[in-house]
Amino acid sequence: MSGDARGMDERWCAISTLNLNADVPEAIVHHFETAKNVLLYAWFVYRFHMVAEQYVLTTLEFALRERLLHENPMKIASDRVPGLKWMLSTARKEGWISNKQLDLSRELAQQKSEIRHSLRMIHRMEELGLSEMEYDLSAVEIAEEDLAHNWIEQFESDLPNLRNMHAHGTKSLYPTVFNTFRIVHNLIEQLFPVNKV
């Protein structure tokens, strides 16, 4: 098997782990599956990472709106659809999403600790006048402040900004879209927990 085929298989294996539970409404599942297929195809057309990210954020917005309509149809006026930020905030306040239910929180905390360590090493490099330096991220321990970080409140700010960036056009192009998919997957699973809605 060629390196490209092996990489594509590994990519599909990772993407295919993101399956929504049986209590998520079918229309939302179809939306999410479409986003996953665009992400898979981004293997061939790198620019499609941005299309996939925009679509998965639209899927999150769709899921939030459906949960709001299920709980209280009067909360959404027929003439004005609420924004993603407002819906995320409402979902947090209602207890539909929370840090406690976020199964990625430890991994996100590890990433945050590693980024802080990398920035310290860059600063150290500059102090010593070095042009390169090797360091081992596997030795980085998760800081308490990162374990206590309020990810849901951060998502309330970051995800709408990200969605707006895509909606209004952007020159950005980056390979970290799979992380957005994992976050959206977890939030939708929280919105529609098995046998709860």
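Before listing any residues, I note that contact here means heavy atoms within 4.5 Å. I also note that I am working from a predicted model.

**Entry: α4 against α7**

With that cut-off, I looked up which residues join the two helices, and I found that Leu84, Lys85, Leu88, Ser89 and Arg92 in α4 meet Ile152, Glu153, Phe155, Glu156, Ser157, Leu159, Pro160 and Arg163 in α7.

I then turned to the geometry, where helix α4, spanning residues 84-93, packs with α7 at an angle of about 160°, the axes lying 9 Å apart. Angles over 145 degrees count as roughly antiparallel, and I therefore recorded α4 and α7 as roughly antiparallel to each other.

**Entry: the largest pocket**

I next looked up the largest pocket, for which I noted a volume of about 400 Å³. Its lining comprises 16 residues, and those closest to the pocket centre are Leu108, Trp151, Gln154, Asp158 and Ile183.

Which helix gives the most to this lining? I found that α7 does, with six residues. At least two lining residues come from each of α5 (105-128), α7 (151-167) and α8 (177-191). By class, I wrote down eight nonpolar, five polar and three charged residues for the lining of the largest pocket.

Reading both entries together, I see α7 in the contact with α4 and also in the lining of the largest pocket.

Conventions. Residues numbered from 1 in each chain as written. Predicted model: local features only at pLDDT ≥ 70, side-chain atom pairs only at ≥ 80, totals over all residues. Heavy atoms only, no water. 1 Å grid on protein atoms, 1.4 Å probe; cavity = no way out; pocket = protein on both sides within 12 Å on 5 of 7 lines; lining within 4 Å. Points joined across faces, edges and corners; volume = space filled by probe spheres on them. Helix = DSSP H or I, 4+ residues; strand = E, 2+ residues; numbered from the N terminus. Nonpolar A, V, L, I, M, F, W, Y, C, P; charged D, E, K, R; others polar. Axes fitted to C-alpha atoms, helices over the stretch in contact; angles between N-to-C directions. Parallel < 35°, antiparallel > 145°, perpendicular 65-115°, else oblique.
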